[in-house]
Structures are given as structure tokens and as C-alpha cells.
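Hi,

Here is the structure I promised to pass on. Have a look at it first, and then read on for my notes.

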Amino acid sequence: MKAHLMHKDQDFPFGGDLPWGSDELIDDLELKTLFTAMAHGDVFLFEVAQKAVMTSLREPQQIAYRQDVLRDCVANPDMVRELYRISIDAIEIKKRSQFGLFVYPDAMLMTALELMQAFMSVLLKLRDVAYRSAGRFRSEGFMTFFTMIQRELADEYFEALQGHLKELGFRKGTLISARLGNGNKGISYVLRKPDQAEGNVLKRFFGRNSPSLTFHIADRDDAGSRALSELRVRGTNLAADAVAQSADHVLSFFRMLQTELAFYLGCLNLIGDLDEKSRSMCYPVPSPVQERRHSCTGLYDVCLSLRIETVVPNDARADGADLILVTGANEGGKSTFLRSIGVAQMMMQAGMVVGATSFGANVCDGLFTHYKRKEDASMASGKFDEELLRMNAIAKHVRPGSLVLFNESFAATNEREGSEVARQIVQALVEKRVKVFFVTHMYEFSNGLHETMKDRAAFLRAERREGGKRTFKVSPGEPLQTSFGEDLYRQIFTDYGHVAKGAASDA
């Protein structure tokens, strides 16, 4: 049995390391806030959410498959949570059992039988949910899952399972056949099914029994007891392995079911938190990686919105663009907008809802971030060298179809040198079919690209109203020669002057 709620034809790969660059990506996009909201304090949900988001889907069909399953979860949250509790119940049964602690066949068989007997009640609960799901779930994932449950866990299955468990209890002894080998040693030990008793009492009483010989072991014959025990072990060894494998199979199914449902429970937790804040959400529209699509309305940074009360949404349209360059006023919302782009891309490719009223983009074959870093006194080289080293590492992993987000990169040196380095890197990436979002204050760099790449690029600018007021909106606009740093200067020192003057008056 397979759950296949996150992938159509494979299990969710929960184990293993995260992709290269995940730590930087999580820090730059502040994704721990997202994982924490999905987990609601549950460590397991946090780990599953992190794994699912960081191992993005690459095909629009895969994303659509997971989105449809999520729609069913949103429509039937109580039933989904019941399925999750059932999977946990099965795993708890295993934790309380002694299954797996013994290697001796008799003990292994006994514990496996006890575990399979306990699993029967959980499997019956699972089947009950499958029957009650009729007409309530519409996604291919859930319909295939419930159909499989009804087919595999039919009445005939439980009747056969109960019969096998009863026979393997060996209440009437163990029937084993063998042949004599060299030196009259026993070989080819096979566990046999006991003869079924005749239903007719007269036939059982007067019928001729099969010829047989019987011998008895004396009470104090320890050697004989050991020999008989060894014969029993040889006969039951294969049966013990078979029952243990069956128990492992059922257990692995419930573990995978718990893991895959944990992702959707995390999505439900996140949707609930955003809904309480009256945030808009949508199911994004993914396009193939070879296309160039990027358009959104009402897009906001989900991670930021989980921490503060008010966020400013943005609209953008950059279909057909290989490069999206964002310039404009200092503290105008450029970095927040860039982060909202990255978070939305990650959520879309995980099959989740996105923080926007509408969002559509081509999938990317790997997402990378190159953000400016704070000065580190322990660095052996300069800050600009450190930026180049990080860019070199990204270049070794980036490939056609990737997306790279630059946030004020290569500004640690003078503008002419930084602009030239940035220009060469961006042009090299675009030539290799890598999509680029770049937030910058370097006018020489941005204006140069505006003149040479206007047909392949979209240019956005953070708004600034008269008097220096920031709206935190980003709209289409060509680069300006100033970032209006004097607005911040006046704000800081005017406010400081008012405070200092007030303090002097109080004195």
C-alpha cells in the first residue's frame, strides 16, 4: 500500500540532506518564520515543512497534483486530521510493542503476530474513513488513495488475515515436514498447514486417520527438548520472516502516511494563521521552466506578514523578461518585495497557496540568493572578495532554468567596479537561460542594462512621493540617478534635532 498524496507515482523523500545553499536561502528569505507557522510547535511538522519547501517540484503537473490534494484538505480538514491521528495511533502501537527487539524466530514470530493483531483495529478505522470519504474528496491523489484502501482492506482481507494469525499461533502444535539428507540429517524443513477438521462429527469419529508415529520426550531430557526446539525453529523461521515483513510493510505505510499528511496539516495551520489576519491567498499558476512568466497582484511577504500587523501588497508584470531590475528610494520596500518574490516561488513549487490575490510564474530549476552581508571582523579578506567567493560557489551549482535573487550585491567596492562586475555576471547568467531578479542602488549598472537589455528586461522602481514619503509600493519605472538618501538624512537628523532641542528645554 502506498499513500502517494504528495507525488503521483512515488513516496515523499523525507530523509536525506537539504539541497546545496539551503541554509543561505532559509536565512535570506526568513523561511524559518514560515516553517514555524506551519508547525504550530510540532517538531515533526517543522521538519516535514522544511523538507517539502526546500525540495521544490519541477513540473507544473506535479504542482497541480499537490494543489488539488491541498484543496481537498481545506474542504475536509476534520477528516484529514482524523487520518493523521490514525497514522499516529499505528506508530504508537509499534512503540509500545517489543517488535524488532528479538532475533530468535519464535520470539520474533510472537511479537510480529501481536503487532499485526493490534494493527487490525487501526486498519479498520482507516477503511471506515475511506468509506465515509465518498463524494467529499475530488482530487486524483485522495480518490486514488481511498480507492486503494477500499480495495486492499476489503472484508476478505481481514478474514484471511485473522485466519492466518490464528493458525500461526500454533495452538494445536506445529506441523513441519522434512526430508533425510546425507548422514540421515534432516533437510528441506517446511512449515505445513494443519489438516482442516471435517465438519461432520460422525466422519471425524469413525473416519480413518492418517498413519502416524508418535514419540514422547522425558521430562528431564534437556538434550531432547533442545533438539525438538531446534526443529521447530527451522520450520517456523520462514513464517517468522514473512510475518515480520508484513508488519514492517504496514508500519512503513503508516509512517509515510503520517509524513505526507503532516505537510498538508502544516499548510492548514498556515492558512488558518493568514486567514485570522485577513490576508489574501491564492493557488498560483505554474508555467514550464522554459517559459518566462512572472505576474502577480496583491503579492506580499508571507513571512513578514506573520510577524507584523500591516503589510503593503504589490502588483508586478514581467512576462517575457529574463531580468527584473528593481531600483528606487532607500528604505522604499525593494528588499521586502524581492523577498516576497522568493517566498512565493518556493511556496508555489511546494504545491502550497501563495500570499497574493493572483500569482503566476514559470517554475525554476533551483533558486539561489546572493544578498549583501553585514561586515564580519573575522573575515580574512575584504567584503567585496567575500561577495565574489559566494558568487563563485553559486556559479558552480546554477544551471539553465534556475532563478537567482540579488539584493544590493557587489556594492562593497566603488560604483564603477561594482557595476562592471554586476553587469558581466548578469549578462552571463541571462545568456545561460538563468532568470535574474536584481535589487540595486548602482545607477551606472542599472542604467547601462536599461539601455542594452530593454527588450529582455523589466524595470521596477520603489515609489517615492513628494516630501520623501515612502509608499512601499513597487511599480514600473526606469532607473533614477538618485536613491533619495537625503530623505533619510533629513528624517534622522531632523528627528534627532527635535529630540535634542526638547531635552535641552527640559534641562
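Which residues in α4 meet E140, G141 and F142 in α7? Before I get to that, please keep in mind that this is a predicted model. On the α4 side, the residues are Y65, V69, D72 and C73. Taken together, the residues of this contact split into four nonpolar, one polar and two charged.

As for the geometry, α4 covers residues 60-75 and α7 covers residues 140-152, and the two helices pack at an angle of about 75° with their axes 7 Å apart. Angles from 65 to 115 degrees count as roughly perpendicular, so α4 is roughly perpendicular to α7.

Now for another helix pair. Helix α13 (residues 383-397) packs with helix α14 (residues 415-431) at an angle of about 5°, and their axes are 13 Å apart. The cut-off for roughly parallel is under 35 degrees, and α13 and α14 are therefore roughly parallel to each other. From α13, the contact uses F384, L388 and M391, while α14 brings in E417, V421, I425 and L429. Sorted by type, the residues of this contact are six nonpolar, no polar and one charged.

Next, the sheet. Six strands form an open sheet in the order β8-β9-β10-β6-β11-β12, and the pairing is mixed. At the edges are β8 (367-371) and β12 (470-476), each of which pairs on one side only. From one strand to the next, the twist averages 15°. If you zoom in on β8, you will see that this strand pairs with β9 (residues 403-407) in the parallel sense, over five bridges.

Helix α12 (residues 334-349) lies across β6 (323-328), β8, β9, β10 (435-439), β11 (457-464) and β12, and runs at about 160° to β9. The other is α14, already mentioned for its packing with α13; α14 lies across β6, β9 and β10, running at about 155° to β10.

One last stop is helix α2, residues 31-39, where L31, L34, F35, A37, M38 and A39 are buried.

Cheers

Technical notes
Residues are numbered from 1 along each chain as its sequence is written. This is a predicted model: local features need pLDDT of at least 70, side-chain atom pairs count only at pLDDT 80 or more; totals for chains, interfaces and linings use all residues. Side-chain values use heavy atoms; hydrogens and water are left out. Buried means under 20% relative accessible area, exposed over 50%, partly exposed in between (1.4 Å probe, protein chains only). Helices (H or I, at least four residues) and strands (E, at least two) are DSSP runs, numbered from the N terminus. Axes are lines fitted to C-alpha atoms, for helices over the stretch in contact, and angles run from 0 to 180 degrees between N-to-C directions. Angles under 35 degrees count as roughly parallel, over 145 as roughly antiparallel, 65 to 115 as roughly perpendicular and the rest as oblique. Contact means heavy atoms within 4.5 Å. Ala, Val, Leu, Ile, Met, Phe, Trp, Tyr, Cys and Pro count as nonpolar, Asp, Glu, Lys and Arg as charged, and the others, Gly among them, as polar. Two strands pair if DSSP finds at least two bridges between them.
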